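Thanks for making time for this.

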Amino acid sequence: MTYYEIVGEILSRVNDPLGDTYLERSKQLMFEGINMLAYGGDYTEEDIPGMLREAIVTQNTPNLTWEPEEDTELGGGKVLKILGITSTYRADEVGFPVYRYKRIDNEYLNKMHLDSEYEPLSNEVFYIINQSSDKYTDPSGASAEGLTGTSTVAIGFYPVGRILDGDGVKITIKFIRSPKVSAWFYGTASTDSTDASEYLSLPYIYKVIDYATVKLNQEIAGA
């Protein structure tokens, strides 16, 4: 399905097939649905191939402030969610340390500081995301791009010594990248509109349509 067809299906479901009233809001809610469903985990990896990314980073400081490189693809928007961190092992680097990375939250961090039972094992590194783009801010409801927060992510690592050895360690950050709204072309017909079929699976697209339709109907009922 194309961007044009997805929005058209949303409009048809709210009895505005020509988009005289709800065209722009349908577009916004389409992107909101793509983001919110992915953020909430309502997907399989096969559903969102255009949003999944990996970045290899050399980490040699106690706290990593990271922002992914610019991406011009459809899924080249801002960081939506960090899925995980792993060691990036390279066979040509003798003695390269390999650790299992485990995400913790503030509650676990407090327990770790108070009780050695919660400290990482010898082959583990804990990390905590101190600040990330998995916070949605769109007070006006007018900007679809505003739904994706910021691309900068701050990550703290424990114990620090395991990432400060030598020149640091290479890690792979797997994350979901939100749609780059400006890269999507709506067009004047389905034939000249951005094709979403390689970016999102068809079942996921229909989940997005359902999400947008429900939200729009709620707004219409409350108007």
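Before anything else, a definition: helices (H or I, at least four residues) and strands (E, at least two) are DSSP runs, numbered from the N terminus. What you have on the screen is a predicted model, in which local features need pLDDT of at least 70 and side-chain atom pairs count only at pLDDT 80 or more, while totals for chains, interfaces and linings use all residues. Residues are numbered from 1 along each chain as its sequence is written, and side-chain values use heavy atoms, with hydrogens and water left out.

Let me start with the overall layout. The protein chain has five helices and seven strands, and, read along the sequence, these follow the pattern α-α-β-β-β-β-α-β-β-α-β-α. Of the 223 residues in the protein chain, 45% are buried, where buried means under 20% relative accessible area, exposed means over 50%, and partly exposed lies in between, with a 1.4 Å probe and protein chains only. The accessible surface of the protein chain comes to about 11,500 Å², and 49% of that surface belongs to carbon and sulfur atoms; these areas come from the Shrake-Rupley method with a 1.4 Å probe, and for residues only the protein chains shown count as cover. If we take contact to mean heavy atoms within 4.5 Å, then among contacts in the protein chain between residues at least 6 apart in sequence, 78% join residues at least 24 apart.

Now to the interior. By a nonpolar core I mean a set of buried Ala, Val, Leu, Ile, Met, Phe, Trp, Tyr and Cys residues joined through side-chain atoms within 4.5 Å. The largest such core has 30 residues, and those with the most contacts inside it are Met30, Ile48, Met51, Ile176, Trp184, Leu200 and Tyr204. The elements that give two or more residues to this core are α1 (3-13), α2 (23-39) and α5 (202-222).

Ile176 lies in strand β7, residues 169-177, and Ile176 is buried, with a relative accessible area of 0%. Which residues is Ile176 in contact with, leaving aside its neighbours within four places in sequence? Ala38, Tyr43, Ile48, Met51, Leu52, Lys78, Val79, Leu80, Lys81 and Leu83. Ile176 and Ala38 are 138 residues apart along the chain, yet their C-alpha atoms are separated by 7.9 Å. The other residue is Met51, whose contacts, not counting residues up to four places away in sequence, include Ile34, Asn35, Ala38, Leu80, Ile176 and Leu200.

Next, the helix packing. Two packed helices are described by the angle between their axes and the distance between the axes. Here the axes are lines fitted to C-alpha atoms, for helices over the stretch in contact, and angles run from 0 to 180 degrees between N-to-C directions. Angles under 35 degrees count as roughly parallel, over 145 as roughly antiparallel, 65 to 115 as roughly perpendicular, and the rest as oblique. α2 and α5 pack at an angle of about 125 degrees, with their axes 8 Å apart, which makes α2 oblique to α5. Their contact is made by residues including Met30, Gly33 and Leu37 of α2 and Tyr204, Val208 and Tyr211 of α5. α1 and α2 pack at an angle of about 110 degrees, with their axes 9 Å apart, and are therefore roughly perpendicular to each other. In that pair, Tyr3, Ile6, Val7, Ile10 and Leu11 in α1 meet Leu23, Ser26, Lys27, Met30 and Phe31 in α2.

Finally, some local points. Asn15 lies in the loop between α1 and α2, where Asn15 is exposed, with a relative accessible area of 71%, and its phi is near 60 degrees, a positive value in a residue other than glycine. The peptide bond from Tyr158 to Pro159 is cis, with omega near -10 degrees, and Pro159 is found in the loop between β6 (153-158) and α4 (161-164). Pro159 is also one of the contacts of Glu124, alongside Tyr99, Arg100 and Arg162, again leaving aside neighbours within four places in sequence. Glu124 itself lies in strand β5, residues 124-131, and at 5% relative accessibility Glu124 counts as buried.
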